[in-house]
Amino acid sequence: MNLHALLLVLVTLVWGTTFPLLKSAAQHLSGLEISVVRFFVAAICMSPFAWKQNRTTWRDGALLGGVGLISYVSQAYGLQFISSNRSAFLTSLNVLFVPFLAWMIGSKLSLKVFLASALACVGIGLMSWEGGSNWFGDGATLISALSYATYVLLLSRLSKKHTARSLAATQIVMMALIGAFIIPFEGGTQLASLPDRLLPVFPIILFLGVVATAGMLFLQAIGQQRVSAAKAALIYALEPAFASLFSWMWLNEQLTQRAALGGALVVIAVVFSEW
């Protein structure tokens, strides 16, 4: 596995911590509020690298930011209704969405990558699937998975046209601006009480903004310069394995032998795709 692929593995490790953290933050903030505040924190970190970019970089950053924001917001919204394990499984369906969407727009569908993706989904199913379905939570999380699959495809194409730092900076700033524009229209948002509700989860938001958003989107942009969209999505399938581990450690969610077997299948699938 090359350095760029290893960077994406690191990204999935850090993102795996966000499922239980989002679950905790959702007790005080809405999904949109969490997303907007974390992107404002990330935008503050990345703003020095964004202001001098040209119009093309801002355009591509806005496209990535808009699609990415849909994925983040819908995932955070879904976590208000379903467990972090179930969210991890449904989100991971982007592993299958990516090669199919790529095939629909003219890319070659690799049999090996498709089989590895299917094996990864089986593993994630064993690891994360459980009862407790909810139409709102499941529907929002599936929208998140489809949006993220689209994001991965766009990033693979656009990351070759810009530096990783400029692309990450502009999309993060655009995510913050778009989120700030739409948050007053969310029915459940109470802006007057936002500071009071933010205070108990501020360390979580700080980690989500600085590390999980600014840092990881930058590393993701670097990694996908040399890793195809389908293989990148397969590597991201490791995220639910990390999410289940951290949910078990922090939220006392169940981690069974079946989950361990599922995690092993995901690892096998990733190794198989790189073999």
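The dialogue below sets computed values beside the definitions that they rest on.

Mentor: This is a predicted model, in which local features need pLDDT of at least 70 and side-chain atom pairs count only at pLDDT 80 or more, while totals for chains, interfaces and linings use all residues. Residues are numbered from 1 along each chain as its sequence is written, and side-chain values use heavy atoms, with hydrogens and water left out.

Trainee: How many helices and strands are there in the protein?

Mentor: The protein has 14 helices and zero strands. Helices (H or I, at least four residues) and strands (E, at least two) are DSSP runs, numbered from the N terminus.

Trainee: What makes the radius of gyration of the protein agree with that of a compact globule?

Mentor: The radius is taken over C-alpha atoms, and the globule rule is 2.2 Å times the number of residues to the power 0.38. For 275 residues a compact globule would have a value near 19 Å; the protein has 18 Å, and therefore the two agree. The C-alpha atoms fill a box of roughly 50 × 45 × 30 Å along the principal axes.

Trainee: Why is V173 called buried?

Mentor: Buried means under 20% relative accessible area, exposed means over 50%, and partly exposed lies in between (1.4 Å probe, protein chains only). V173 has a relative accessible area of 5%, so V173 is buried. V173 is found in helix 9, residues 164-182. Buried residues make up 55% of the 275 residues in the protein.

Trainee: Which residues does V173 contact, leaving aside neighbours within four places in sequence?

Mentor: V173 is in contact with A43, A50, W51 and W58, where contact means heavy atoms within 4.5 Å. V173 and W51 are 122 residues apart in sequence, and their C-alpha atoms are 9.5 Å apart in space.

Trainee: Is S147 buried or exposed?

Mentor: S147 has a relative accessible area of 11% and is therefore buried. S147 is placed in helix 8, residues 135-158. Not counting residues up to four places away in sequence, S147 touches V67, I70 and S71.

Trainee: Why is C121 counted as buried, and what is C45 called?

Mentor: C121 has 11% relative accessibility, so C121 counts as buried. C45, at 33%, is partly exposed.

Trainee: How many disulfides are there?

Mentor: A disulfide is taken as a pair of cysteine sulfur atoms within 2.5 Å. By this rule the count is zero.
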